[in-house]
Amino acid sequence: MIFRILEDRLAQQSKMSKAADLRFMQLALTLGRRGQGRTWPNPAVGAVLVKDGVVVGRGWTQPGGRPHAEPEALKRAGEAARGATLYVTLEPCSHFGKSPPCADAIIAAGVARVVSAIEDPNPEVAGQGHARLRAAGIAVDIGLCGLEAARDHAGHFRRVRDKRPHVILKLAVSADDMIGAAGGKPVAITGDAARARVHLLRAQCDAILVGIGTVRADDPLLTCRLPGMEARSPIRVVLDRALRLAGTSQLVHSARQTPLWVMTSDLSEAAAATKLGAAGAQVIRVPTTAAPPPGLDLAAVLRALADKGITRLMVEGGARVASSFVSADLVDEVWLLRGPETIGAGGIAALDALPLTTITQSPGLRVRASESLGQDTLTIYERI
């Protein structure tokens, strides 16, 4: 009887311990998301230090990628870090880069246990951070909330493994799968709640990409316009093979306030590139494809962006650009916003010549989430 009571108590304590681990890791994930869109080329990591069931330090990767989350949490905890448990959303780094190894800082602070969501695929880390902690006598648990962490760090993982950013395609379509009215006339498809969600997504991405056709038709600004978050606007990227971007556009006029990168052909005119550069834009030359219709090599575009540190790329328009990314199998996530109204005959199809079922019925994508935003719906698909 006594042994059974002891077993029940131990089981209850274990259950409570697992629940606490989950709660603190979820807090670390939430903290890490604060940095999304601001920490590139580094991942947006979250860290929480807990002692005797109380949070004594919190940290997340700071803008520009430094300081890292772990030293931020250690700094806030001070001496309370000794004997504490650290919850971190990505394996602590073990190499000297522009800052010392986080693993060394954790060891020096006297942390007793580290709960790490997932191993870092970066070859300079790749398990070495965890190994260094264990060698110092620190207990290390790996894998709690690993799927959530993998999603949060998808941009970092994709850039390390495939040398390109994680690509998020955003589409706002009418009830009859159109993105614009006849003749390319702009039309409001979704309401305020959906538009606010899109602007939040912009703030959580490193860069946003559109084609020159969208720029010439809509003259967009492509910034985050949520109150108080204007400074969180992403890098604006325009695919412009022949450098037709007008100097009078909003993008060019704002290039010194919010960075503008123009991806163009190796053969585009030097004079046009010089004018854009003088206005504050950065012109990046990439190869073109010979297949009709001719255009920029999207794989080369993504490699160039990854080389510059971009990890999370939002593709926002237009139909030909969206179709090209889908056809090239370069889309990792789709945010499909659907409004309640129809546009009718002559409207612009969401994916140009491709049916929308290329996404909604794709064997390579699955629905991750779906929700209502006022009268609109948002469905998020992710690569399987």
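Predicted model: local features only at pLDDT ≥ 70, side-chain atom pairs only at ≥ 80, totals over all residues.
In what order do the nine strands of the open sheet run?

1. The nine strands follow the order 11-10-9-8-14-6-15-18-17, and their pairing is mixed. Direction ignored, neighbouring strands are turned by 20 degrees against each other on average.

2. Strands of a sheet pair through backbone hydrogen bonds, either parallel or antiparallel. Strand 6 (residues 166–173) and strand 15 (residues 333–338) take the parallel sense, with six bridges between them. A handy place to start is Ile 168, whose bridge partner in strand 15 is Glu 333.

3. Helix 7 (residues 192–203) lies across several strands, including strand 6 and strand 15. Others that helix 7 lies across are strand 8 (207–211), strand 14 (312–317), strand 17 and strand 18 (376–383). Relative to strand 14, helix 7 runs at about 140 degrees.

4. The structure holds one cavity of 30 Å³ or more, and the volume of the largest cavity is about 90 Å³. Its lining is made up of 15 residues, with Asn 42, Pro 43, Ala 44, Thr 311 and Arg 312 nearest the centre. Sorted by class, nine of the lining residues are polar, three are nonpolar and three are charged.

Definitions and conventions. Residues numbered from 1 in each chain as written. Heavy atoms only, no water. 1 Å grid on protein atoms, 1.4 Å probe; cavity = no way out; pocket = protein on both sides within 12 Å on 5 of 7 lines; lining within 4 Å. Points joined across faces, edges and corners; volume = space filled by probe spheres on them. Nonpolar A, V, L, I, M, F, W, Y, C, P; charged D, E, K, R; others polar. Pairing = 2+ DSSP bridges. Helix = DSSP H or I, 4+ residues; strand = E, 2+ residues; numbered from the N terminus. Axes fitted to C-alpha atoms, helices over the stretch in contact; angles between N-to-C directions. Contact = heavy atoms within 4.5 Å.
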